[in-house]
Amino acid sequence: MTESTPGTSDGTYRPHETTAHFGPEFAAQLAALEAGVSPEEQDVIAALPSGSALLIVRRGPNTGARFLLDADVTVAGRHPEADIFLDDVTVSRKHAAFLRTARQFAVRDLGSLNGTFMGGERIDETVPLVDGCEVQVGKYHLTFYASRADLAAGA
């Protein structure tokens, strides 16, 4: 009769077969990598202070560009004095506004010709932004990332 080793069915010890346990932080990093977020972008997102957020251009002109949202109203458009300058003919001069209320963010179209889209659907009113959602302004596809401090607080 053989003596059974805990965790094996046939009683043999296999040191190369171990179980690894990963915490929620690792799961979040893995999800971010699957979503196309580089390690550098992960660090930037992790460093966002409470009450701020980040937009990263994922498709369109200036792919990879980052825009910090840290004001109550941030206007995106083709006008050179827009808070977020998006230089393309598909973008209106004052195209969309990103609005902050406490630690929550929303987006509103400002009567643009080509519209503002969230998750592929045209928006006609102010729509709350959710971490990881995509906002399209003209040819620009921007992904929204909320402050991790605010997400942890359940804001």
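Predicted model: local features only at pLDDT ≥ 70, side-chain atom pairs only at ≥ 80, totals over all residues.
Modeller: A residue is called buried when its relative accessible area is under 20%.

Biologist: How many aromatic pairs does the structure hold?

Modeller: There is one aromatic pair in the structure. Phe105 and Phe144 form this pair in a tilted arrangement, with 5.8 Å from centre to centre and 55° between the planes.

Biologist: Which parts of the chain does the pair link?

Modeller: Distant parts of the chain are linked: Phe105 belongs to strand β6 (residues 104-109) and Phe144 to strand β11 (residues 140-146), 39 residues apart.

Biologist: Let us turn to charged side chains. How many salt bridges does the count come to?

Modeller: A salt bridge is read from the distance between a side-chain nitrogen of Lys or Arg and a carboxyl oxygen of Asp or Glu, which must be within 4 Å. The count by this rule is five salt bridges. One of them joins the side chains of Arg66 and Glu40, at 3.2 Å from N to O.

Biologist: Why does the pair of Arg66 and Glu40 tie together parts that are apart in sequence?

Modeller: Arg66 is in strand β2 (residues 66-69), whereas Glu40 is in helix α2 (residues 39-46), so their pair ties together parts 26 residues apart in sequence. Arg66 itself counts as partly exposed, at 34% relative accessibility.

Biologist: With which residue does Arg103 form a salt bridge?

Modeller: The partner of Arg103 is Asp150, and the closest N and O atoms are 4.0 Å apart. Arg103 lies in the loop between β5 (96-101) and β6, and Asp150 lies in helix α3 (residues 148-152); the pair therefore ties together parts that are 47 residues apart in sequence. Arg103 is partly exposed at 38% relative accessibility, whereas Asp150 is buried, because its relative accessible area is 4% and the cut-off for buried is under 20%.

Biologist: Where do Arg148 and Asp131 lie?

Modeller: The side chains of Arg148 and Asp131 meet in a salt bridge of 2.8 Å, N to O. Arg148 is part of helix α3 and Asp131 of the loop between β9 (127-128) and β10 (134-137), so this pair ties together parts 17 residues apart in sequence.

Biologist: Do Arg148 and Asp131 count as buried, partly exposed or exposed?

Modeller: Arg148 counts as partly exposed, at 30% relative accessibility. Asp131 likewise counts as partly exposed, at 30%.

Notes:
Residues numbered from 1 in each chain as written. Heavy atoms only, no water. Phe/Tyr/Trp six-rings, centres within 6.5 Å; stacked < 30°, edge-to-face > 60°. Helix = DSSP H or I, 4+ residues; strand = E, 2+ residues; numbered from the N terminus. Buried < 20%, exposed > 50% of the residue type's maximum accessible area, 1.4 Å probe, protein only.
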